[in-house]
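Have a look at the structure below and turn it around a few times.

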Amino acid sequence: VAFLFTITASAVFGQEIKYVDLATAERGEFTSYVGSDGAVYKVGDRVKIGVPSSNKTFAFITEGDGILLPITNLLASSSGTETEIKRIFVVGNKRSGYSVSFRTKGITGLSNYTIQFENALSTGEVKGFGLSSDDALAQLKKAKDKLDLGLITQEEFDKQKAELSKYIK
């Protein structure tokens, strides 16, 4: 029985889900996620909480589990803190579409957070590992200035351009 459980667990939890594949996704739990920002988020990674998209609370980050603690929107006082990803899971259905949520450790350890990741990322409620389009463009412009000044080679510039271009929209 334990042997079958191990095989099942590795099949369910040993997967990576990508943002581009969400349209055809299935509900389930994953070990890593490639976000719309191109960055890879894995169980055990730490994400930084940004600023709430509303005045006093976060719209896409909740605290509590609904069993021991009520589910409430995270308060603005949590801005700037880091939280560790414990679970990555896909929620939704074919009709309404699928999305990725992260279950993370709360600051106090008594509570957990649920982050609707792409919504939180697009509103700045979480800081992604990837670059924003504006950040990537600014870095590319700096690299071009360095190339024009003879501080880097054309090959070094082309390498940076290839890397940064995937973030520029």
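The largest nonpolar core of this predicted model has 24 residues, and Y33, I61 and F102 have the most contacts inside it. A nonpolar core here is a set of buried Ala, Val, Leu, Ile, Met, Phe, Trp, Tyr and Cys residues joined through side-chain atoms within 4.5 Å. "Buried" means under 20% relative accessible area, "exposed" means over 50%, and "partly exposed" is in between (1.4 Å probe, protein chains only). Which elements each supply at least two residues of this core? They are strands β5 (46–49), β6 (57–63), β8, β9 (97–105) and β10 (112–116), plus helix α2 (117–123). Helices (H or I, at least four residues) and strands (E, at least two) are DSSP runs, numbered from the N terminus. There's also a second, separate core of 8 residues, with A136, L140, I152 and Y167 among them. In soluble globular proteins, nonpolar side chains tend to be buried together.

A quick note on the ground rules: residues are numbered from 1 along each chain as its sequence is written, and side-chain values use heavy atoms, with hydrogens and water left out. Because this is a predicted model, local features need pLDDT of at least 70 and side-chain atom pairs count only at pLDDT 80 or more, while totals for chains, interfaces and linings use all residues.

Back to F102. Not counting residues up to four places away in sequence, F102 touches Y33, Y41, I85, R87, I88, F89, Y113, T114, I115 and F117. Contact means heavy atoms within 4.5 Å.

Now try T83, in strand β8 (residues 82–93). Is T83 buried or exposed? T83 counts as buried, because its relative accessibility is 1%. Its side chain makes a polar contact of 2.8 Å with the side chain of T104, and also reaches the backbone oxygen of K105 at 2.4 Å. A polar contact is a pair of N or O atoms within 3.5 Å; within protein, one must be able to donate a hydrogen and the other to accept it, and residues adjacent in sequence count only if both atoms are side-chain atoms. Leaving aside neighbours within four places in sequence, the contacts of T83 include D45, R46, V47, Y113 and I115.

I67 lies in the loop between β6 and β7 (72–75) and counts as exposed, at 74% relative accessibility.

How many salt bridges does a search of the whole structure find? It finds 4. A salt bridge is a side-chain nitrogen of Lys or Arg within 4 Å of a carboxyl oxygen of Asp or Glu. Here are some of them:

| Pair | N to O distance |
|---|---|
| R87 and E29 | 3.2 Å |
| R46 and E82 | 3.2 Å |
| K144 and D148 | 2.9 Å |

R87 lies in strand β8 and E29 in strand β2 (residues 28–30), so this pair ties together parts 58 residues apart in sequence. R87 is partly exposed at 33%, whereas E29 is buried at 18%. R46 in β5 and E82 in β8 tie together parts 36 residues apart in sequence. K144 and D148 are 4 residues apart in helix α3 (residues 133–148), which means they are separated by about one helical turn.
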